[in-house]
Amino acid sequence: MRDRPIGSGLRIGRVNLGQGLILAPMAGITDLSFRLIARRFGADLVTSEMVSAEGVLRGNTSTRALLHTRPQERPLAVQLFGGEPRAVAEAARIVADRGADIIDLNMGCAVPKVTRQGAGAALLLDPARVGRMVTAVRQAVTVPVTVKIRSGWSRKQINAVEVARCAEDAGADAVTIHPRTTKQGFSGAADWDVISSITAAVSIPVVGNGDIRRPEHAKRMRDLTGCDGVMIGRAAMGNPWIFQQAKQLVAGELSRPPPPGERLDVMLDHLRLFQECRPGRPLLVGARSLIIWYSRGFPGSSQFRAALAGCSTCARMLEISRNFFAALGETSPQAEGEEMHEG
Ligand SMILES: Cc1cc2nc3c(=O)[nH]c(=O)nc-3n(C[C@H](O)[C@H](O)[C@H](O)COP(=O)(O)O)c2cc1C
């Protein structure tokens, strides 16, 4: 059972994480450029995309690119996936030597290519193997080791509390819970009651995740579940301000949505970093997605997306982006999705 007061800040092992607002790992999204921007806007910890332990051991070029880091983004959690404890432990040692401040173990990826290897969410089906995995990694590194889990494999196999306990007993320093089942993928709502059950069951820090769409949801998740930290994924895409706004809310300060001019500037900076971080690689598709994130929720954004789709150069995309943001004046984006977790 927990022995610390709720809301006392987040510390994972020896790493202090302030208010515990964490950028979620998102494959194909949370590259170095995304993480640098999230840190600048208040994320206390950023997490890499999931990285294959086998890829690390083989020294794959694409895996090496995922491990590229800069001092400004630290503290950095690098997330590893794999099904074989010894291989994951060896990969963790290499990754920690390259500067990861925390090793996070992926136990939630529902992609069949991953689960077929006994990795990702497949581990939830075998809590004893979760324990062996954490023990092996714990012995291989001196940095904190965390696990990111789902509620269970299916509605009939909800076992997140058991898995969290196994991870804690094996030496995990924290557990992050995205409370949807593997079968659910991203459908339906995240069941925050599962977060509450875990905070009641373990004494290591618990990070809650799932369906934080607006800054006030972060506070609501803490209040409702007693979790120690909050992880934000999709809502940070094109909206890094969500981290600082959530902090301002807790401090009782007024937070204002950034004006369109500021959005444009940050988007341009993000694009610059995106380009810098992938020298020699084609930009057009990635840059288009990134611009679309920053335009979400604004009036006219669907026509804007259609116009971007017709662009064959980055220069043209930038030109129409400048026009789009300039035409917005002081308009604020509309919040996406319906209100949830009103508590
Ligand atoms: C495009 C995408 C990629 C993701 N990749 C990963 C990943 O590599 N590792 C992981 O543990 N979770 C991954 N997730 C899940 C997120 O980390 C997070 O648990 C989920 O999106 C729920 O949080 P949110 O509602 O704040 O987005 C991914 C999610 C998305 C949308």
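1. Serine 255 is partly exposed in this predicted model, because 16 other C-beta atoms lie within 10 Å of it, a count that falls between the limit for a buried residue, 20 or more, and the limit for an exposed one, 12 or fewer. The residue sits in the loop between helix 10 and helix 11 (260-277), and, when residues up to four places away in sequence are not counted, serine 255 touches Pro215, Gln245, Gln248 and Leu249. Between the C-alpha atoms of serine 255 and glutamate 319, which are 64 residues apart along the chain, there is a separation of 30 Å.

2. Helix 10 covers residues 241-250, and its buried residues are Trp241, Ile242, Phe243, Gln245, Ala246 and Lys247. The elements that cover these buried residues include strand 3 (21-23) and helix 1 (32-40), together with helix 9 (215-225) and strand 10 (229-232). After helix 10 comes glycine 252, which has a positive phi, near 75 degrees.

3. On the scale of domains, the protein is divided into domain 1, residues 11-250, and domain 2, residues 260-327. The C-alpha centres of domain 1 and domain 2 are 29 Å apart, and the contact between them brings nine residues of domain 1 together with eight residues of domain 2. On the side of domain 1 that touches domain 2, five residues are nonpolar, three are polar and one is charged.

4. Helix 12 (residues 284-295) and helix 13 (residues 301-309) have axes that come within 10 Å and cross at roughly 170 degrees. How are helix 12 and helix 13 oriented to each other, roughly parallel or roughly antiparallel? Angles over 145 degrees count as roughly antiparallel, and helix 12 and helix 13 are therefore roughly antiparallel to each other. In this contact, Arg288, Ile291, Ile292 and Ser295 of helix 12 meet Ser301, Phe304, Arg305 and Leu308 of helix 13; by class, the contact has four nonpolar, two polar and two charged residues.

5. Glycine 82 lies in the loop between strand 5 and helix 4 (85-97), and it counts as buried because it has 30 C-beta neighbours inside 10 Å, where 20 or more are required. Leaving aside residues up to four places away in sequence, glycine 82 touches Ser52, Ala53, Glu54, Ala87, Val88, Ala91 and Ala119. The C-alpha atom of glycine 82 is separated by 25 Å from that of isoleucine 195, and these two residues are 113 apart along the chain.

6. Two points of backbone geometry in loops may also be worth a reader's attention. The peptide bond from arginine 74 to proline 75 is cis, with omega near 5 degrees, and proline 75 belongs to the loop between helix 3 (61-66) and strand 5 (76-81). Aspartate 211, in the loop between strand 9 (206-209) and helix 9, has a positive phi near 70 degrees although the residue is not a glycine. Is aspartate 211 buried or exposed? With 23 C-beta neighbours inside 10 Å, aspartate 211 counts as buried.

Key
Residues numbered from 1 in each chain as written. Predicted model: local features only at pLDDT ≥ 70, side-chain atom pairs only at ≥ 80, totals over all residues. Domains from an automatic or database assignment. Contact = placed C-beta atoms within 7 Å. Nonpolar A, V, L, I, M, F, W, Y, C, P; charged D, E, K, R; others polar. Axes fitted to C-alpha atoms, helices over the stretch in contact; angles between N-to-C directions. Helix = DSSP H or I, 4+ residues; strand = E, 2+ residues; numbered from the N terminus. Parallel < 35°, antiparallel > 145°, perpendicular 65-115°, else oblique.
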